[in-house]
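Subject: Structure handover

Hello,

Here is the structure for you to take over. My notes on it follow below.

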Amino acid sequence: MNIIWVSIDSLRRDKIGAYSNKENSLTPNIDELAKNGTVFAQHMTVLNGSTPTQISMFTGLYPSTHGVHENGYPLPNKFNTIAEILKEKDYVTCGAVSGGAVGSAYNFNKGFDYFYDNSKYDKIMRFIRKIGTEKYNLRKILRDLKLFDVFWRSYDKTNKDVLNWLEKNYNKNFFLFIHYFDLHGDTYGMINKKIEKEFKLMNYDENVKLTDKAVGEIINSLKKLNIFENTMFIITADHGEDLNENVGKTGHGRNITEDEFRIPLIMYKKDLIPKKFINVLTRSIDIYPTILELLNINSFSKIDGVSLKRSIFDDIQIVEDVFLESYPLYGDIKAIRTKDWLYILRNQNEEEFYDINKDQNLQNNLVKDNKDLCLKLRIKLKNHFSMQYKPEERDAYTKDMLRELGYIK
């Protein structure tokens with residue numbers, strides 16, 4: 001069985017017809033896979049930045065474990081990736097990426113027999129980034145002045161590499177990772193501050209259509225090569241995108257919202273993946289172990305993610321919660337998301353608590369009515385992120401531990 005994993009940078013789940021149920025869907029090709037596969041309704045990413053999130057997907061680790069929390073840092077060599085494990089199991093591995101933040105300059109070619117990216121330009125941009133990332137920096141100036149466009153490449157250039165590779169390797173057992181960048185804010189007008197909000201949204205929707213077209217080209221190629229039915233598809237995103245609804249800004253990284261963290265996940269494989277829509281909580285770090293279990297591959301790597309096989313086939317909720325963190329350059333914002341609640345902690349002190357089923361836009365902060373639960377969630381969150389406890393938090397944590405051990409009632 002072949003595996004194709006597609007990560008569409010900044011893709012919102014509500015733009016996919018399988019999630020929104022709109023009559024005029026922007027994504028007919030993705031919808032076709034969804035109609036015949038499993039659609040995950042409560043799938044969450046762990047951070048709203050490209051590099052750390054993609055590292056988490058490749059390794060099955062939270063950023064707090066692998067240590068990368070922002071773009072500009074490489075995938076650490078000491079952690080095994082999904083590509084490395086499949087390569088050891090005699091899969092031919094190929095990666096084709098569109099954004100510089102996930103290129104070979106940042107070690108994302110680790111474990112791939114073939115890897116296609118912007119290579120030489122990505123290395124230039126990595127060097128320039130080291131000079132500075134403040135509001136005014138050399139990289140931003142080069143891009144704003146359009147002296148050269150080296151940060152990303154469009155889907156057609158990426159697909160050219162992919163389709164050529166498939167023509168030469170379709171008769172092998174392969175793992176193919178594809179990353180599209182056309183939806184990312186930098187590509188639809190954020191640099192030009194004079195562009196109206198409506199134009200940005202229109203361009204975003206048009207680029208959703210382009211990425212769906214890109215997926216359609218891959219599907220058609222597989223059908224022509226007569227390997228479509230022997231291929232498992234994973235369609236997902238690294239993170240979502242705010243389009244002015246909640247934070248008053250277009251983009252991602254500035255806040256913890258449903259639109260940035262609740263992302264699409266669709267899995268398709270004829271005669272293996274069931275046709276269903278499941279509503280259990282899942283995480284981006286769970287894709288890696290799920291692929292391995294579906295392939296009956298044992299891995300001895302210690303990871304944070306868990307296989308979703310029982311969720312897929314038996315609707316069992318395996319994941320109880322997910323830890324979230326926003327892009328650190330915009331502030332210290334961390335959270336815990338369960339199937340029902342979202343608890344946010346800003347600057348290790350300011351609390352927010354939302355009923356996520358009734359308030360997806362996060363308008364009604366319920367902290368005052370849920371103080372005991374918020375205290376437990378705050379302790380759990382601080383423990384995960386290795387934050388310091390306040391005296392009252394330490395006392396509460398100690399009491400909970402003693403209660404669990406049976407020393408007090």
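Please keep in mind that this is a predicted model.

Helix α13 covers residues 371-384. With 14 residues at 1.5 Å a residue, α13 should span 20 Å, and its end C-alpha atoms are 20 Å apart, so expectation and model agree. Its buried residues are Cys374, Leu377, Arg378, Ile379, Leu381 and Lys382. Note that Arg378 and Lys382 are on that list. Cys374 counts as buried because its relative accessibility is 1%, and the cut-off for buried is under 20%. After the helix comes Ser386, which has a positive phi, near 55°.

What does α13 lie across? The helix lies across β11, β12 (333-337), β13 and β14, and runs at about 65° to β13. These 4 strands form an open sheet in the order β11-β12-β13-β14, with antiparallel pairing. At the edges are β11 (322-325) and β14 (350-355), each of which pairs on one side only. From one strand to the next the twist averages 15°. Strand β13 (residues 341-346) pairs with β14 over 6 bridges, in the antiparallel sense. Within this part of the sheet, Arg346 stands opposite Glu350 of β14.

The buried ones are Ile287, Tyr288, Pro289, Thr290, Ile291, Leu292 and Leu294. Just after α11, Asn296 has a positive phi of about 60°.

Next, a loop position. Ser10 is located in the loop between β1 (2-8) and α1 (17-20). Is Ser10 buried or exposed? Its relative accessible area is 0%, so Ser10 is buried. Leaving aside residues up to four places away in sequence, Ser10 touches Leu183, His184, Tyr204, Asp238, His239, Gly240, Glu241 and His252.

Last, the cysteines. A disulfide is a covalent bond between the sulfur atoms of two cysteines. How many disulfides does the model have? The count comes to 0 disulfides, with the sulfur atoms required to be within 2.5 Å. Cys94 has a relative accessible area of 0% and is therefore buried; Cys374 in α13 is buried too.

Regards

Conventions. Residues are numbered from 1 along each chain as its sequence is written. This is a predicted model: local features need pLDDT of at least 70, side-chain atom pairs count only at pLDDT 80 or more; totals for chains, interfaces and linings use all residues. Side-chain values use heavy atoms; hydrogens and water are left out. Helices (H or I, at least four residues) and strands (E, at least two) are DSSP runs, numbered from the N terminus. The expected span of a helix is 1.5 Å times one less than its number of residues. Buried means under 20% relative accessible area, exposed over 50%, partly exposed in between (1.4 Å probe, protein chains only). Two strands pair if DSSP finds at least two bridges between them. Axes are lines fitted to C-alpha atoms, for helices over the stretch in contact, and angles run from 0 to 180 degrees between N-to-C directions. Contact means heavy atoms within 4.5 Å.
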